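Today I am opening my notebook on a new structure. I will look things up one at a time and write down what I find.

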Amino acid sequence: MSGAAELLLAVRGVETYYGNIVALRGVDMDVHRGEIVTLIGANGAGKSTLMMTICGDPRARKGRIVYDGMDITQMPTHEIVSHGIAQSPEGRRIFPRMTVMENLQMGAALVDPDHFDKDIEKVFKLFPRLKERIAQRGGTLSGGEQQMLAIARALMSRPKLLLLDEPSLGLAPLIVKQIFDAIRELNEKEGLTVFLVEQNAFHALKLAHRGYVMVNGVITMSGTGAELLKKEEVRAAYLEGGRH
Amino acid sequence: MAASNTNAPTSDVTPVGAQAEAEAHRLPPAPANNPHSLAASVRDAAIAAFLAGVLGFFFIGVRTDIAPGGLDLRMRWGAWIVSILVVFAGRLLLNIFVWKTDKPITRRVKTGSGGMSETVSKTLKYALLAFALILPFFFTTFFPGKDRQFIDLAILIMTYIMLGWGLNIVVGLAGLLDLGYVAFYAVGAYSFALLAQYLDFGFWLALPLAGLLAATWGMILGFPVLRLRGDYLAIVTLAFGEIIRVVLLNWYEFTKGPDGISGIPKPTFFGLELKRGEGGFADFFGIAYDPIHRFIFLYYIILALALITNLVTMRLRRLPIGRAWEALREDEIACRSLGINTRNTKLTAFAIGAMFGGFAGSFFATRQGFISPESFTFLESAIILAIVVLGGLGSQIGVVIASVVMIGGIELLRNLGFLQQVFGSGFDPVQYRMLIFGLAMVLIMVWKPRGLVSTREPSAVYKEKKRIGADMVAQGEGH
Ligand SMILES: Nc1ncnc2c1ncn2[C@@H]1O[C@H](COP(=O)(O)OP(=O)(O)OP(=O)(O)O)[C@@H](O)[C@H]1O
Ligand SMILES: [Mg+2]
């Protein structure tokens, strides 16, 4: 990514609280158009909180979030999403009693219905497994299939910026690879901008153009994926045990 | 794990269950003390009957009456023996079919859960609809002596079906547990009654207004409870239902409080009153006047209202708003992250559900001709909710079955006079209806924890239609 690339998302000095408990203590972060940016950090560092804050739920108490030239800090969640930010939240959160088809329809809730047929074919090309399971209830899918569905559902909203929270959670290495390949393909072929929160630091940093490391609600390190992978602190803290 | 594996590397491989099963096959059945034999069942039942006899001797077998100069003891051998026999027979049947058998029927019922295949349930739907359409004529033809009673019962059941369908939008589809649904029923009934009393409104003019008012109250309830879920929501809605009733009870100048409002006008047939003599319905069409006409007319009104409720619900389910309701029931956070405006989604569910409650309330007022707050107690809410839950949350046909069973069941109890011969003349089966309800609910929840009709029909299909195997659409457990 060249430094001149257009800024799509800018997070400036964001502080988020849960009641009186501070979760983010002044986060600064950039995502450029066409980039894959990853955020790694220990459990409880505040990664998911940052992702949810971008979507306005919970809202930042201080700081600014600017997306595509708009200040979205105070916008209601459904409006933020309608401007092209899609999220696959932590733990997938697919609709268990609804079919794959209905889950995908929910993803397209804000989109002109004319796009639906074309869009669904696109996600089926990315995840052919979902097409086979189109009439199955979401809750009966395997973990990997559910993750695919969560990503596919987010894609159905035709996002400009895709937020993924731990898509590799609890998945076998082979499925993780499939999912990461799909993310790369979306980025390369469609130019989709992706912000990826991951525990699987090695794979995430290999995939991403740039990465951030979060500790205790602040960003402590940033750099290209390759740079971070080389850093001793990162290796010690997040890549312990070598290649996962 | 690794350490124990090195000691017994192979024994871990066979699953414990499989081993036990293999053992069970190897062992010959021991007839003498086989716990599943008929003899064991009878012995067990006899023990139970003996215990019932001992315990029941003083409770059932002996009766004390106040007599001059003290208490008078009377033996009630009949009741005592009957109770022993009931325990014996009941226990024996349970032993044979459920407890002491390899193939309990409860399990068969369970595996058949959701068991109504698509075609069967479709046929059932159309059959029920066809019957509902001809029902008044069915009764006037085949039960001419009792037709009024039957059609009246059908009207009552149909009212509950409509209420169940209305509540199903809120509870079944949107997943918002509403214990105060009767409030909207009351709002609808009082709207019409008051509009008629103060402004001389007729039924047809008041009906849409009553629905609108109820919908408004649905929103008013909706706002404060937007952030609540589950138990908390249930408690607030429960309180809301009571508040409405208490207000109706105490605002004497306006609502006449406990005295209620009477003289509520009957609906007209395109301006024709269903009355005897000049200018009435019968007179206009040149047929002989018969009071049954009014019952038939009321029946068709409530049937139409109920069918509208159903059609609107089915239609909404296929629209984005209905899908959003269901998604909201499943996962609110996911909904928000997909850009669903959860506030508006909830409010529309409350408002639309309330609106149908309001329609039903207006109908109730016109049918009764008299309403008072007594008709809108929590018990009504509970019955409607029970209909929705027993029917299987979100299932339209389930609501029909549950209404017929529950409301029809109460009515049936009134006709069990022969039980008085057994339990004495003071025995009134109707008084036991709540007990029987409770029992029926427990039984249904044990056998069919997700209600009578637990399958959820998908609201959309992929354009390449395929046959979908039952395994593909089976419900995920635990949700
Ligand atoms: N709803 C909540 N209420 C109160 N505290 C919360 C809430 N959600 C998160 N937290 C707290 O905020 C901090 C950051 O949590 P967050 O979920 O963002 O961590 P994370 O980096 O995503 O961790 P993980 O890798 O385990 O998912 C944690 O200390 C957590 O306990
Ligand atoms: Mg997290």
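Entry 1: I then checked where the two residues sit: Ser48(A) is in helix H1 of chain A, and Glu90(A) is in the loop between strand S6 (85–88) and helix H3 (100–107), so the pair ties together parts that are 42 residues apart in sequence. Helices (H or I, at least four residues) and strands (E, at least two) are DSSP runs, numbered from the N terminus. I also noted that Glu90(A) is partly exposed, at 37% relative accessible area. Buried means under 20%, exposed over 50%, and partly exposed in between, with a 1.4 Å probe and protein chains only.

**A note on the model.** I am reading a predicted model, in which local features need pLDDT of at least 70 and side-chain atom pairs count only at pLDDT 80 or more, while totals for chains, interfaces and linings use all residues. Residues are numbered from 1 along each chain as its sequence is written, chains are lettered from A and ligands numbered from 1 in the order written, and side-chain values use heavy atoms, without hydrogens and water.

**Entry 2: ligand 1.** How many residues surround ligand 1? I found 13, and the closest are Lys47(A), Ser48(A), Thr49(A), Glu90(A) and Gln199(A); a residue counts if one of its heavy atoms lies within 4 Å. Helix H1 (residues 47–54) of chain A gives the most to this shell, with 3 residues. Next I looked up polar contacts, pairs of N or O atoms within 3.5 Å. A polar side-chain atom of Gln199(A) is 2.6 Å from an oxygen atom of ligand 1, and one of Glu166(A) is 3.2 Å from an oxygen atom of the ligand. Gly46(A) takes part with a polar backbone atom, 2.9 Å from a ligand oxygen.

Entry 3: For Cys55(A), the nearest cysteine sulfur is that of Cys335(B), 14 Å away. Cys55(A) is buried at 2% relative accessible area, and Cys335(B) is buried at 0%.

**Entry 4: a loop glutamate.** Is Glu35(A) buried or exposed? I found it buried, at 1% relative accessible area. Glu35(A) lies in the loop between strand S2 (21–32) and strand S3 (36–41) of chain A, and a polar atom of its side chain is 2.7 Å from the backbone nitrogen of His32(A).

Notes
A polar contact is a pair of N or O atoms within 3.5 Å; within protein, one must be able to donate a hydrogen and the other to accept it, and residues adjacent in sequence count only if both atoms are side-chain atoms. A disulfide is a pair of cysteine sulfur atoms within 2.5 Å.
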